[in-house]
Amino acid sequence: METLPEAMQEIARIAAEAGARAAIEELEQRERRQEQWRRDRRLRNTRLLLENYRTFKIHCESAVFQAELSADDEAEALSILDAMMDRPSKQTLYIESIKKSAQRTRIIIAHIESMMEVYRILCAKSQKPEDMRRCSVVEKMYICSREWSVEEIAESEGIDERTVYKDIKAACTKLAALLFGIDGVKRT
């Protein structure tokens, strides 16, 4: 027969093990929720990038700060910025912010275009006709200079309007992996 202190130690051990198991389970659940949140955010960000592609393109084409400046233009722009840097002001900060924004936007546009080309190639190599359709749907919805309505896309592809949205969702899942790399892939 166990003595009272031994029984209490056994109860404490069992309680500690149960508490540890519960804590581990809670941490694992939090990690799964966090991973799902990150994945949802990447899919949302992929869709946001695509939805804003045309606006980004216009921004890049209209921005005062161009990436492909000639040596003279670049020197002139740099001298203007240098002169403004002598007296730091809110305007200087705004100009720097605008310049950085234009540069980042150009990088994002180039990345989207590059990954869309990879996506086109992957879809063309696929044996599934829906993959090429999905690529076409995404291009018409977000990339083409002409803005297509969902109705026009559905009619041109010979599909239902709901299928347009399903195709966009499926394409965004693949594009998230291309745009964000390993961080865009769902870990199971």
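The following dialogue explains the terms used to describe this predicted model.

Guide: This is a predicted model, in which local features need pLDDT of at least 70 and side-chain atom pairs count only at pLDDT 80 or more, while totals for chains, interfaces and linings use all residues. Residues are numbered from 1 along each chain as its sequence is written, and side-chain values use heavy atoms, with hydrogens and water left out.

Visitor: What makes up the secondary structure of the protein?

Guide: The protein has seven helices and zero strands, in the pattern α-α-α-α-α-α-α along the sequence. Helices (H or I, at least four residues) and strands (E, at least two) are DSSP runs, numbered from the N terminus.

Visitor: Why is α5 called roughly perpendicular to α7?

Guide: The axes of helix α5 (residues 129-143) and helix α7 (residues 161-180) come within 9 Å and cross at roughly 95 degrees. That angle makes α5 roughly perpendicular to α7. Angles under 35 degrees count as roughly parallel, over 145 as roughly antiparallel, 65 to 115 as roughly perpendicular and the rest as oblique. The axes are lines fitted to C-alpha atoms, for helices over the stretch in contact, and angles run from 0 to 180 degrees between N-to-C directions.

Visitor: Which residues meet where α5 touches α7?

Guide: Contact means heavy atoms within 4.5 Å. Among the residues of α5 that meet α7 are Asp131, Val138 and Met141, and those of α7 include Val164, Ile168 and Lys174. The residues of this contact divide into nine nonpolar, one polar and five charged. Ala, Val, Leu, Ile, Met, Phe, Trp, Tyr, Cys and Pro count as nonpolar, Asp, Glu, Lys and Arg as charged, and the others, Gly among them, as polar.

Visitor: Why does Asp131 count as buried?

Guide: Buried means under 20% relative accessible area, exposed over 50%, and partly exposed in between (1.4 Å probe, protein chains only). Asp131 has 6% relative accessibility and therefore counts as buried. This residue of helix α5 is in contact with Tyr119, Cys123, Ser126 and Lys174, leaving aside its neighbours within four places in sequence.

Visitor: What makes a polar contact between Asp131 and Ser126?

Guide: Their side chains are paired at 2.5 Å. A polar contact is a pair of N or O atoms within 3.5 Å; within protein, one must be able to donate a hydrogen and the other to accept it, and residues adjacent in sequence count only if both atoms are side-chain atoms.

Visitor: How is Met141 classed, buried or exposed?

Guide: Met141, also in helix α5, has 18% relative accessibility and so counts as buried. The C-alpha atoms of Met141 and Glu51 are separated by 8.2 Å, although these residues are 90 residues apart along the chain.

Visitor: Why are the buried residues of α6 said to line one face of the helix?

Guide: The buried residues of helix α6 (residues 150-157) are Val150, Ile153 and Ala154. They fall within an arc of 100 degrees seen down the axis of α6, so they line one face of the helix. The arc is that of the directions from the helix axis to the C-beta atoms. What covers these residues includes α5 and α7.

Visitor: What puts the buried residues of α2 on the same side?

Guide: In helix α2 (residues 53-62), Tyr53, Arg54 and Cys60 are buried. They cover an arc of only 125 degrees around the axis, which puts them on the same side of α2. On the other side of α2, Ile58 and Ser62 are exposed.
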